[in-house]
Amino acid sequence: MKQTVLLTGCAGFIGSNFIKTITCRDSIKAQYDFVILDALTYAGRLENIQPELDAHKHLTFVKGDIRDTKLVHELFQKYNFSGVLNFAAESHVDRSIENPNIFVETNVLGTLNLLKESLNLFEENPAFKYLQVSTDEVYGTLQMEDPAFTEETPISPNSPYSASKASADLMCRAFFETYKMPVVITRCSNNYGPYQVEEKFIPLMIKRALANEKLPIYGTGMNIRDWIYVDDHNEGVWLAFTKGKAGEVYNLGGNSERQNLDVAKIILKHLGKPESLLSFVTDRKGHDFRYAINYSKAQKELGWNPTVRFEEEGLGKTIEHFKSLWAK
Ligand code: NAD
Ligand code: TDX
């Protein structure tokens, strides 16, 4: 019999790519129906997934908020989900510095709402599973000489965004420890790819360069992020959901640590634009210096590996996607 799984936040960047690359696969379509719950905030764009919604009967879209206890309760009652993958979140660090409240409301209380409803279903169906899409930022920051984050690295978030994601992770852990509810957490590094909202570094740099506008580089531009192509992340999320062990955390990384300044320069070169467009601006408050991920557990236990090379493949595909939207 087909299972029905709830996907939240899948009109956003990572989730919309998940809809395109994972849920529409024949093997997955044969086994699963998906209900997509998204509040369509500034980051959620229904047009990202409209072609898939039009083409596939096993996908149902519901506009709604994960904080809405009544709506979420009714959805869980109606569909009797066999699992939940929670992508929904406020995701932008700069916004969290300006207004942390919505980050606690959506990322912490919204997650708690989903966990509570999930617990009701788990009590009726021991095969029920919950996956929380989390981030490497919960581990805090690294210096150059530090080893990469492992799943044992203590949680030490620095921004209101990462503190809210860490709080959600801890609530997930509590539901496993207290109620034995099968919760799996993935913690991934910086995603890039098509459909990313243009407030994020890579699409912003592309957009500014295409318009011959200044590219704002925070501080010295020496900060390091580990970049992962969004499809690699989504493969890992699905493997963790289907094969991951209850109560476990799986780190997912791209094996592509780069300084921000270098990334901006590669984008300019790809687009044939001058480096004089680079503009060093006031640094982000509390700017984490470096993220790096040790994903050997996901390699061993899930058989997962990142496959898309950053400069040679992923960045070019991403630039071409945005060029088709924005180039005049
Ligand atoms: P995004 O901001 O592009 O999309 C978030 C989506 O969630 C949007 O569709 C939005 O409408 C929806 N949403 C927001 N609040 C909601 C609410 N209260 N109820 C229902 N839907 C709501 O984010 P993204 O970059 O696609 O990130 C998806 C998930 O992956 C997040 O949990 C994020 O923390 C995590 N993550 C992101 C990255 C990254 O590099 N972007 C890396 C690791 C983990
Ligand atoms: O204009 C900019 N200039 C700049 O130098 C912006 C928007 C960013 N930056 C820097 C800050 C970071 O060092 O670029 C780097 C990447 O910034 P963001 O795209 O804002 O990503 P980051 O803060 O690293 O967080 C991202 O990765 C982890 C996602 O937004 C999170 O949702 C995810 O959890």
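Two strands count as paired if DSSP finds at least two bridges between them; strands themselves (E, at least two residues) and helices (H or I, at least four) are DSSP runs, numbered from the N terminus. On that basis, strand β9 (residues 224-229) and β11 pair in the antiparallel sense over three bridges, and R225 has R258 of β11 as its bridge partner. This is a predicted model, in which local features need pLDDT of at least 70 and side-chain atom pairs count only at pLDDT 80 or more, while totals for chains, interfaces and linings use all residues. Residues are numbered from 1 along each chain as its sequence is written, chains are lettered from A and ligands numbered from 1 in the order in which they are written, and side-chain values use heavy atoms, with hydrogens and water left out.

The β9/β11 pair belongs to an open sheet of three strands, ordered β7-β9-β11, with mixed pairing. Its edge strands are β7 (190-192) and β11 (257-259), each of which pairs on one side only. Neighbouring strands here are turned by 50 degrees against each other on average, direction ignored; for angles, axes are lines fitted to C-alpha atoms, for helices over the stretch in contact, and values run from 0 to 180 degrees between N-to-C directions. Helix α9 packs on this sheet, touching β7 and β9 (contact means heavy atoms within 4.5 Å), and its direction makes about 75 degrees with that of β9.

Then there is the seven-stranded sheet, also open, which runs β3-β2-β1-β4-β5-β6-β10 with parallel pairing. β3 (59-63) and β10 (249-252) sit at the edges with a single partner strand each, so one side of each has no neighbour in the sheet. Helix α1 (residues 13-23) lies across β1 (3-8), β2 (32-38), β3 and β4, at about 150 degrees to β1. Helix α9 (residues 230-243) turns up again here, lying across β1, β2, β4, β5, β6 (183-188) and β10 at about 145 degrees to β5.

As for helix packing, α10 (residues 260-270) and α12 (residues 310-326) pack at about 65 degrees, with axes 11 Å apart. From α10, V263, I266, I267 and H270 meet F310, E311, L315, G316, I319 and E320 of α12. That contact divides into six nonpolar, two polar and two charged residues, where Ala, Val, Leu, Ile, Met, Phe, Trp, Tyr, Cys and Pro count as nonpolar, Asp, Glu, Lys and Arg as charged, and the others, Gly among them, as polar.

On a 1 Å grid over the protein atoms alone, a cavity is a set of points where a 1.4 Å probe fits but cannot get out, while a pocket is an open set with protein on both sides within 12 Å along at least five of seven lines; lining residues have an atom within 4 Å of a point. Points are joined across faces, edges and corners, and a volume is the space filled by probe spheres set on them. The structure holds one cavity of 30 Å³ or more, and the largest cavity has about 50 Å³ of space. Its lining consists of V93, E137, S159, R225, R284, K285, G286, H287, D288 and Y291, or two nonpolar, three polar and five charged residues. Of its 16 lining residues, R173, R187, G247, E248 and V249 are the closest to its centre, and α7 gives the most, with six.
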